[in-house]
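Hi everyone, thanks for making time.

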Amino acid sequence: MSDFKNAAERLPISYTDGSGEGRNAGRATKGAALGYLGKAQLFTGDFASAETTFKQVIDLGVYSLMDDYLDNFTDSNENNAESLFEVQFNREVGGVDLSWWAEPVTGWGNFS
């Protein structure tokens, strides 16, 4: 939790390209760090601290709920207003190979 607190103090609220698209899409922000901190506080039963932390996320004024909940599960709505943190996978660079026998495959883990 100390790492999340440290990150939340140092990370920006957003990046200069604004919407989270482009080359900064997927980079951690203050909201991402606070979101993970709040989740850790919930899992450890520190509900009062979690409430305070999640209120900090809301007060950033960057995030909001999508009008349609299903928009959170479509490719066309990646990195939407409800998203605190998303890993940016790109099928063009590979990374879709699966090895069911725990053998390393060359494309596994590739992402942008």
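So, salt bridges: a search of the whole structure turns up 2 of them. By that I mean a side-chain nitrogen of Lys or Arg within 4 Å of a carboxyl oxygen of Asp or Glu. Side chains of opposite charge can pair when their charged atoms come close.

Before I go on, this is a predicted model, where local features need pLDDT of at least 70, side-chain atom pairs count only at pLDDT 80 or more, and totals for chains, interfaces and linings use all residues. Residues are numbered from 1 along each chain as its sequence is written, and side-chain values use heavy atoms, with hydrogens and water left out.

Back to the pairs. One joins the side chains of E9 and R10, at 3.8 Å from N to O. Both E9 and R10 are exposed; here, buried means under 20% relative accessible area, exposed over 50%, and partly exposed in between, with a 1.4 Å probe and protein chains only. The other salt bridge links D59 and K55, whose closest N and O atoms are 2.8 Å apart. Those two sit 4 residues apart in helix α3, so about one helical turn separates them. K55 is partly exposed, at 46% relative accessible area.

What does the overall fold look like in terms of helices and strands? The protein chain has 3 helices and 0 strands, and along the sequence the pattern reads α-α-α. These are DSSP runs numbered from the N terminus: helices are H or I, at least four residues, and strands are E, at least two. Of the 112 residues in the chain, 21% are buried.

Now the rings. The structure holds 3 aromatic pairs. In one of them, Y36 and F85 have ring centres 6.1 Å apart and planes at 75°, so the pair is edge-to-face. For the cut-offs, rings of Phe, Tyr and Trp (its six-membered ring) pair if their centres lie within 6.5 Å; planes under 30 degrees apart are stacked, over 60 edge-to-face, and the rest tilted. Y36 lies in helix α2 and F85 in the segment after α3, so this pair ties together parts 49 residues apart in sequence. Both residues are partly exposed, Y36 at 38% and F85 at 35%. Another edge-to-face pair is Y69 with F73, 5.3 Å centre to centre and 70° between the planes. Y69 and F73 are both exposed.

V87 is in the segment after α3 and is partly exposed at 46%.

Last stop, T29. Buried or exposed? T29 is buried, at 8% relative accessible area, and is placed in the loop between α1 (2–10) and α2 (30–43). Leaving out residues up to four places away in sequence, T29 touches several residues, including Y63 and L84, where contact means heavy atoms within 4.5 Å.
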